[in-house]
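Look over the sequence and the structure first, then read the points below.

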Amino acid sequence: MRFVDEFRDAGRARALAARIAERCRPGRQYTFMEVCGGHTHTIYKHGLEDLLPPEVNLVHGPGCPVCVIPMGRVDDAIHIARQPDVIMTSFGDMTRVPGGTGSFLDAKAAGADIRMVYSPLDALTIARANPDRRVVFMAIGFETTAPSTAMTVLRAAEQGVTNFSVFCNHVMIIPAIKAILDSPDFRLDGFIGPGHVSAVIGCEPYGFIAREYAKPLVVAGFEPIDILASVLMLLDQLAEDRCEVENQYARVVPWQGNRIALSAIGRVMRLRPHFEWRGLGFIAHSALAMSDEYAAFDAERVFDLPGVRVADPKPCQCGEVLKGVLKPWECKVFGTACTPETPIGTCMVSSEGACAAYYNFGRFDREQMHRAAGEASRA
Amino acid sequence: MNRERQVLARIERVRRRKPVVREELITLAHGAGGKATHTLIEAVFLEAFRNPLLEPLGDGALLAPAAERMAFTTDSFVVSPLFFPGGDIGDLAVNGTVNDLAMCGARPAHLSAGFILEEGFPVADLRRITASMAAAAEAAGVTIVTGDTKVVQRGKADGCYITTSGVGYVEQPVTLSAAGVRPGDAVIVSGSIGDHGAAVMLARDDYGIEASVASDTAPLHDIVAELLKALPEQVRTLRDATRGGVATVLNEVASASETAIVLREDAVPVRPEVTGICELLGLDPLYVACEGRFVAVVDGAHADQALDVLRGHPLGAGAAIIGSVAADPQGLVLLRTSFGGTRVVDVLVGDPLPRIC
């Protein structure tokens with residue numbers, strides 16, 4: 001595939017891996033967090049950890065939009081979906097996330113009209129095609145997806161669509177990273193910064209991480225070569241005693257971000273005073289709600305919501321996994337009570353979730369795997 | 001009196017005329033078992049599938065066994081949309097059952113066809129479906145010898161569902177079993193994977209993606225017969241890679257044989273269009289359905305010979321050795337990625353859901 005294959009080239013990967021190994025100071029361990037779930041997925045899908053020297057550890061961060069949705073919000077969304085005249089629309093990943101009373105898929109089986117869409121614009125199309133129904137879009141995601149939600153609301157307003165609203169659960173990456181930096185069990189050497197989010201917000205908002213917390217951050221692309229290159233850039237900074245925000249993904253991420261996207265968010269949404277994150281608890285100024293000007297498109301105002309807070313299941317350690325304190329397999333219920341078939345925690349739901357990615361691609365004895373792969377390639 | 005007799009004779013002549021379905025849409029009457037049902041059966045189904053075993057339209061067909069070992073299988077088809085580039089539910093329903101029989105090492109012989117139609121389904125669409133079933137049956141050398149039709153109320157089904165069952169005769173001295181797979185065997189796929197699933201996804205038109213991908217639906221009995229004729233004792237097992245794709249059938253094989261299957265990502269044939277669609281939608285081609293491709297596990301020493309046989313057949317031009325069987329870790333499918341890593345290719349949980357970013 002053109003424009004992609006060059007970022008998956010085995011030869012370049014080996015060369016980068018060799019340079020990474022050279023850059024590691026003997027006896028020192030390096031722990032980097034990839035903030036974004038898309039990176040987690042790439043790392044496991046391509047078997048990237050095989051190419052990294054044992055000194056480099058990657059831990060998975062909070063950047064999986066599905067994983068940070070608290071159970072109470074899922075219940076609220078299902079409450080909306082159960083109204084007889086409602087069509088609920090949602091991204092695919094979201095449909096399996098368990099609330100306190102089941103998931104979208106359970107509600108759909110019980111009769112709710114819940115449809116999977118690829119874009120909020122598809123939800124708007126459904127609204128125009130069904131004028132006698134109320135169509136709600138379950139908006140989730142970081143600054144990556146917030147602009148498309150905002151643009152869709154602007155278009156709905158332009159077109160005078162009155163049966164469309166958004167259940168807004170958009171969250172912001174900076175407060176989440178700050179929560180991790182402030183956490184007492186923080187123990188990271190640097191961050192692989194989110195690529196798509198940065199395409200919207202740019203690189204400047206990360207400045208405080210380098211200035212105030214003295215940790216390097218490299219904004220990275222989503223192909224395996226991008227991630228290896230970013231690891232090398234982080235190691236270079238540490239070796240050279242630098243601590244900066246760098247942009248490995250300049251082919252997509254402008255340093256200043258995308259002003260049009262940001263202004264669309266600014267018009268349609270406002271900052272919430274606080275928002276609950278799955279596993280991380282309430283974080284101040286960490287999420288977006290619909291602004292007063294676009295209240296007519298705000299599902300939270302259009303519908304009466306129960307708004308009941310549901311505590312995370314007791315055994316679930318998603319919070320520690322999201323903060324990178326625990327590796328997925330260190331969670332008490334990982335792979336036994338909590339599996340992709342019957343997820344307890346959200347990290348086990350999306351293929352971008354650290355637990356699901358590890359369960360699907362990484363839970364096996366790597367030495368045994370390499371032996372088998374070696375045998376097979378000789379055969 | 002004479003005039004009355006003339007009228008009665010005319011009525012008889014009209015009654016003896018070939019039955020014609022005059023309605024444009026299927027009604028509940030077509031499933032009620034009365035006149036309309038008979039007209040539908042004779043004018044549509046018998047007309048399309050006509051053969052001596054079906055023609056008596058009895059409660060069942062009488063078969064004379066042609067070999068000591070027989071294979072028997074069944075499959076239901078609910079594809080949406082009913083018509084897609086490269087095929088429709090009709091040829092899918094025939095090829096699907098033909099292929100299941102072929103995977104047992106059998107020569108497919110006779111099929112049954114059960115239809116569940118939704119009230120309001122266009123008769124023209126039904127004719128189009130039966131015509132492609134007839135063409136597929138002829139191509140596969142099978143006859144449709146018995147069938148059934150039910151009509152359900154509007155909204156209780158999605159247009160047309162078809163169930164086909166089939167019998168075939170195992171005429172070659174083969175023992176095919178996933179449990180017989182052993183370390184050192186080679187894993188071969190008969191052509192590029194994921195074409196059918198990708199074609200159907202695009203035909204649903206949910207994504208606004210345009211690409212020239214057609215379903216790979218095809219009868220595999222002939223290419224399988226060639227392979228088994230050349231290597232009757234060296235082919236361990238055959239599986240058509242339908243729902244769940246190549247990854248799913250290989251997991252079943254690894255689990256049944258308590259071996260590890262190791263695939264080489266760069267050896268797996270995938271059309272660039274299919275790779276592109278999967279990349280955009282966040283899917284993995286290894287899990288996307290095929291309807292005219294199969295996986296053969298073959299004694300490693302004869303892998304090249306098997307590949308030559310497959311490539312010599314029009315349906316196997318794109319065949320490739322995609323991996324091999326190792327002893328450990330038992331029950332797992334591993335993928336050596338083009339990038340140089342190794343990962344597990346696990347059984348899919350639920351429906352493949354696209355990732356959001």
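The notes below cover the nonpolar cores, the contact between the chains, and one proline.

This is a predicted model. Its largest nonpolar core holds 107 residues. Chain A and chain B bury about 3,300 Å² between them.

**Nonpolar cores**

- Six members of the 107-residue core touch the most other members: A:Met88, A:Phe164, A:Ile173, A:Phe191, A:Tyr206 and A:Trp277.
- Helix H14 of chain A, residues 354-362, gives the most to this core. Its share is seven residues.
- This core lies between domain 1 (1-312) and domain 2 (318-361) of chain A, because both give residues to it.
- In soluble globular proteins, nonpolar side chains tend to be buried together.

**Around A:Tyr206**

- Neighbours within four places in sequence are left aside here.
- A:Tyr206 is in contact with A:Ile173, A:Ile174 and A:Ile177, among others.
- Its contacts also include A:Pro194, A:Val197, A:Ser198 and A:Ile201.
- A:Leu217, A:Val219 and A:Val245 are in contact with A:Tyr206 as well.

**Chain A against chain B**

- On the chain A side, 49 residues are in contact with 30 residues of chain B.
- Carbon and sulfur atoms give 67% of the area buried between the two chains.
- The count of salt bridges between chain A and chain B is one. In a salt bridge, the side chains of A:Arg8 and B:Glu279 meet at 2.7 Å, N to O.
- On chain A, the elements that give two or more residues to the side touching chain B are helix H1 (10-23), helix H2 (37-45), helix H10 (224-239), H14 and helix H15 (366-378).
- H15 of chain A gives the most to that side, with eight residues.

**B:Pro269**

- Where is B:Pro269 found? It sits in the loop between strand E9 (260-264) and helix H8 (272-281) of chain B.
- Is B:Pro269 buried or exposed? B:Pro269 counts as buried because its relative accessible area is 16%, and the cut-off for buried is under 20%.
- Beyond its neighbours within four places in sequence, B:Pro269 is in contact with B:Val189, B:Gly191, B:Ser192, B:Ile193, B:Gly318, B:Ala320 and B:Ile322.
- B:Asp185 lies 84 residues from B:Pro269 along the chain. Their C-alpha atoms are separated by 19 Å.

Note on methods
Residues are numbered from 1 along each chain as its sequence is written. Chains are lettered from A and ligands numbered from 1 in the order in which they are written. This is a predicted model: local features need pLDDT of at least 70, side-chain atom pairs count only at pLDDT 80 or more; totals for chains, interfaces and linings use all residues. Side-chain values use heavy atoms; hydrogens and water are left out. A nonpolar core is a set of buried Ala, Val, Leu, Ile, Met, Phe, Trp, Tyr and Cys residues joined through side-chain atoms within 4.5 Å. Buried means under 20% relative accessible area, exposed over 50%, partly exposed in between (1.4 Å probe, protein chains only). Helices (H or I, at least four residues) and strands (E, at least two) are DSSP runs, numbered from the N terminus. Domain bounds come from an automatic or database domain assignment. Contact means heavy atoms within 4.5 Å. Buried area is the accessible area (1.4 Å probe) that two parts lose on being put together, summed over both. A salt bridge is a side-chain nitrogen of Lys or Arg within 4 Å of a carboxyl oxygen of Asp or Glu.
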